[in-house]
Amino acid sequence: MYKAFFGFSERPFKLVPDPAYFFLGPSHEEALAHLEFAVRQGEGFTLITGEVGTGKTTLCRRFLENLDENTEVAYIFNPVLGVVELLQSINEEYGISAAAQSPRELINRLNTFLLDMKAKKHRVILVIDEAQNLSADVLEQLRLLSNLETTRSKLLQIILVGQPELNDLLSSYHLRQLGQRISLSCRLLPLTRRETQRYIAHRVSIAANRPEAVFSPAAAREIHAYSGGIPRLINTACDRSLLAAFSSNEHHVSAKTARQAVKELRNNQDRRPFPGRFKLQWAWMLLSVGILALIGLFVIPKMKAVGPDVVFSTNSRPAARQDKAPVGRHPAGFTRSDEKKLPDAAAAAASVSDPGLSPDHVKGGGGLAAGELKQWLLTGQAEKSRRDAMLTVLRLWGVKAGMEGDTPASRDDFRYFRQVAGNHGMKIYRTTAGLPRVLQMDLPAILAFDSDGSFRYRVLSRRDGQAFVLTDGDRHISVSADELLSSGWKWSYIPWKDFAGIVGTIPRNATAETILTFKMLLRKMGFTEVPLTAEYEDLTRRIVEKIQADNGLYIDGVVGPATKIVIYNKLTRYRVPRISSRGSRKAN
């Protein structure tokens, strides 16, 4: 309707995923780099997530258009399918017979095709869009497909694309085997206000075959305020704004025109019919009132009666003697960052204490005498205290722990904690650097207290000014720094999550994909000057050294566990429990 009026060859803001209009925002650039790198390196699983309308499908089509003739692709869109139907769809996409009804026969035919492509030196890629709609059974089948491999490489590369809830699905305990196979992942983010202005200008210039400032900066701001930077909503608002300008015989979209167009869109959304809308609203109101009434009758009285302690039920096991860590050499997992001379514990505690809490307000051992505190710390079965401590930390992380039948019987503490943590998608950082290092990591820590050569375990779960809260999963005891240091504390085991999969130590034993993923994390921190290459060059090393210096770590430019933990703590997109008064931080 308005194409000729504005001199467009076509409508620039159509709601179709046209790769010709693909706009490289920062997160889209990272995602495309992820995909291209994954294909070159032959990675098994790659994950791309983003909210509705952020351009996931357009990104996929742009990526597929750039593949060479030696790449075979199957693209499955909106796969609300069972296992057999999905396998049939995959085989059909590759031109393989899909007449069979048996998963085994369908997979055998697919495997034959994959081996044939491998002999021809062709890559084979499977892209599944809207993958958040896949059932757990289908996702498990995809994991099994990734087992189709030779001794040296994967035969099938799988790219999962979906909405953010796909991350939650893959993080679940039952799908942890698949989640652990995701080697590269990236999330598409909404555009900023400046990027929205560039996005609008980009699409207009393609449709007009020339640079054309049809939208004023003020109009672009109005559209960004409405859309929140979601490309699909930007397109809708721009299309409506162009129509409004055309109706008013205006060759440029002003802020007033855009504001009016956005207002009409909001009004239309408010008036959108919804079957049973008012009945549903009344139902929700009645349900809410009922829930509040039940809380008032049953929950609040019990909270007052029980108090703040949390009780964890565990199955006790016979005590096993815990060996001390060997003296005279660094244990496995010990990094040079532990060797840095750190401030004493009292100074570390005072440096970040709450201004309203003086030492006089700290009650030693939560009211326990010194002897009672030591007895609480050093008595009980060693193996049970170790298990309870791990269960407590997993709960603080929000991890649903399946400990029964999943707990190794190991006398080596580090091996035990690593195995249990690994079963739940986590890692363990071990240190002897004491309270200053634990405060730097700012994560719940399992503390090992020496009881005549055998260890007992408590969790440092929270810091309250100059007091530190220890728990065994049953009692919560507040202690001072001096009491903590004089109680036989030897080791700290800090569970943490490697959200981005930064495997190994950079640059000592890290792969090219690990370095690239790590650089993308640095860019998310604001270091946009970091080049997206697979090399650990001087610029990136200097940035790492700055991060280490700013956080009191050993400055060597080497990315080990402590440096990774500090970086994840800085990124607000990840869910991280904190021992400091800042509390837990939720993912975006």
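The structure, a predicted model, holds 1 cavity of 30 Å³ or more. A cavity is a set of points, on a 1 Å grid over the protein atoms alone, where a 1.4 Å probe fits but cannot get out. Grid points are joined across faces, edges and corners, and a volume is the space filled by probe spheres set on the points. The largest cavity has a volume of about 30 Å³. Its lining, meaning the residues with an atom within 4 Å of a point, consists of W397, L443, W496, K497, F499, I565, Y568, N569 and V576. Helix α22 (residues 561–570) supplies the largest share of this lining, 3 residues. Helices (H or I, at least four residues) and strands (E, at least two) are DSSP runs, numbered from the N terminus. By class, 7 residues of the cavity lining are nonpolar, 1 is polar and 1 is charged. Here Ala, Val, Leu, Ile, Met, Phe, Trp, Tyr, Cys and Pro count as nonpolar, Asp, Glu, Lys and Arg as charged, and the others, Gly among them, as polar.

A pocket, in contrast to a cavity, is an open set of points with protein on both sides within 12 Å along at least five of seven lines. The volume of the largest pocket is about 1800 Å³. Its lining comprises 47 residues, and N167, S171, K497, D498 and F499 lie nearest the centre. At least two lining residues come from each of β1 (45–50), α7 (165–170), α8 (176–179), β5 (182–188) and α20 (512–524). Of these, α20 gives the most, with 6 residues. The pocket lining has 16 nonpolar, 19 polar and 12 charged residues. K497 and F499 are among the residues nearest the pocket centre, and K497 and F499 also line the largest cavity.

The numbering of residues starts from 1 along each chain as its sequence is written. As the model is predicted, local features need pLDDT of at least 70 and side-chain atom pairs count only at pLDDT 80 or more, while totals for chains, interfaces and linings use all residues; side-chain values use heavy atoms, with hydrogens and water left out.

The protein has 22 helices and 11 strands. Of its 588 residues, 48% count as buried, that is, under 20% relative accessible area, with exposed meaning over 50% and partly exposed in between (1.4 Å probe, protein chains only). A contact means heavy atoms within 4.5 Å. Among contacts between residues at least 6 apart in sequence, 70% join residues at least 24 apart.

A search of the whole structure finds 13 aromatic pairs. Rings of Phe, Tyr and Trp (its six-membered ring) pair if their centres lie within 6.5 Å; planes under 30 degrees apart count as stacked, over 60 as edge-to-face and the rest as tilted. F13 and F215 form an edge-to-face pair, with 5.9 Å centre to centre and 80° between the planes. F13 lies in the loop between α1 (3–6) and α2 (26–41) and F215 in the loop between α9 (193–208) and α10 (217–227), so the pair ties together parts that are 202 residues apart in sequence. Both F13 and F215 are buried. The pair of F417 and Y493 is tilted, at 4.8 Å centre to centre and 45° between the planes. This pair links helix α17 (residues 413–423), which holds F417, to strand β11 (residues 489–496), which holds Y493, across 76 residues. F417 counts as buried at 0% relative accessibility, and Y493 is buried with a relative accessible area of 2%. Ring pairs also link Y2, F5, F6, F8 and F246 into a cluster.

Most residues other than glycine have a negative phi, and most peptide bonds are trans. N249, not a glycine, has a positive phi of about 60°. N249 is in the loop between α11 (231–247) and α12 (255–270) and is exposed, with a relative accessible area of 57%. D442 also has a positive phi, near 55°. D442 is in the loop between α18 (435–441) and β7 (445–451) and is buried, with a relative accessible area of 3%. The peptide bond from I506 to P507 is cis, with omega near 5°, and P507 lies in the loop between β11 and α20.

The mean pLDDT, the predictor's confidence in each residue from 0 to 100, is 79 for the protein, and 79% of the residues reach 70 or more. Over residues 271–280 the pLDDT is below 50, and this stretch has 3 contacts beyond near neighbours in sequence. Residues 299–366 also stay under 50, and the model has 126 contacts for them beyond four places in sequence. Where pLDDT is low, the predicted coordinates should not be read in detail.
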